[in-house]
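Student: Before we look, I would like each label tied to its cut-off. Please go through the terms one by one.

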Amino acid sequence: MHPAHIDTVLARGGALLGDPYRATATPLYQTATFTQEDPEAFGAYDYTRTDNPTRHAVEEQLAALEGARSALLYASGMAAVAACLRLFAPGERIVAGADLYGGTQRLLARLAAEGRQVEFIAESSLEALADAVREPTRLVWLESPSNPLLEVVDLRQAARIAHRAGAWLAVDGTATSPYLQQPLALGADLVVHSATKLLAGHGDVTAGAVATSDAGLAAELARHRNAEGNALAPFEAWLLQRGLRTLGLRLERGQANATTLAERLSQHPHVRRVFYPGLAEHPRAALHAAQARGPGQLLSFELRAPELAAEVARRTQLFSTAVSFGGVTSSISLPTCMSHASIPAAWRARRPLPQGLLRISVGIEDVEDLWRDLSVALTVVQPCAAR
Ligand SMILES: *Cc1c(COP(=O)(O)O)cnc(C)c1O
């Protein structure tokens, strides 16, 4: 059979091969151990920390979605990020993207404090990346588009730069999901997800994933995960699988809504700037379109009166004030106080986020209801032509 289209893999994947009852939905094996037929000859599964049929079925589905040879699921996105970062020995250099999720920056800062060599690129450009990637860099870590500024990096060229220096390229694909972008096909060696966001999609589970086609990296990751016990629990894997089935539908609606809101916000008198790769004014809109199938449902914007950002978030009702993104319900956050507050002050000073930055995750609600909610909240902002 030729490889199925991604919509088919989403809807029909996660089947449990060899299931004697041929369950149509992925069965939940909520068990810690598996009874062995013989003490000297183990069956396919023995202990859930190592492997579990439910989790395995979802890993197979995710690998198919990423075009990877294998995928591993973790207890959270940060557990997946940490699993990748610990593959590299102390003393080996890590080069990190200019704009990254706050938790990843906090972890990188900790590694640096423990003596690892971590260097952030000065800005999201290939020139800055090529400058930073000197031997003996072992790992380049990027997000495209990045969280929260939606900056876009040419991933094909980034892979060439990394590989020329003998480094691996890891891409945190949380903002796109494989439905929009498949980093491995663009040359990355590892793709990492906070599956809490788009992949699970309902805000009811935390999960993380790593996919790779490199058998050595996959074996090393599996060895550490078994030793440390940070794999995703079966019930969480089952919830993730249930969410995956509708990823395409959720994303199509969410990003259509996000595009409408981005266009209206960019015309709004109180908004200085909108960061969204689906807008023609985004400096890398064409590059993003060349390496992704759509702009996604995450966007941020800067108010002309930054001191009123918190008040706008307070006033929205449909947009819940909440961290995280990629769910079916819309949310709004102040990255500097919320998702990116954990960045150590000295590191934040390197590249401060714009004052008054608001990030929204656009869900699948009615777009006119969403716009009404946002525009009413924005009426708190006094006209400020002088700014
Ligand atoms: C949320 C997020 C993470 C961390 O994932 P958790 O599931 O919250 O642990 C990592 N990377 C990005 C880009 C994220 O947005």
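Tutor: Buried means under 20% relative accessible area, exposed over 50%, and partly exposed in between, with a 1.4 Å probe and protein chains only. This is a predicted model, in which local features need pLDDT of at least 70 and side-chain atom pairs pLDDT 80 or more, while totals for chains, interfaces and linings use all residues. Residues are numbered from 1 along each chain as its sequence is written, and side-chain values use heavy atoms, without hydrogens and water.

Student: What makes both faces of strand β2 covered?

Tutor: Arg93 and Val95 on one side are buried, as are Ile94 and Ala96 on the other. In a regular strand, side chains alternate between the two faces of the sheet. Strands here are DSSP runs (E, at least two residues), and helices are runs of H or I with at least four.

Student: How do you know that β2 and β3 pair?

Tutor: Pairing requires at least two DSSP bridges between the strands. β2 and β3 have four, in the parallel sense, so they pair by that definition. Arg93 stands opposite Gln117 in β3. Four bridges also join β2 to β4, again parallel, with Val95 opposite Val140.
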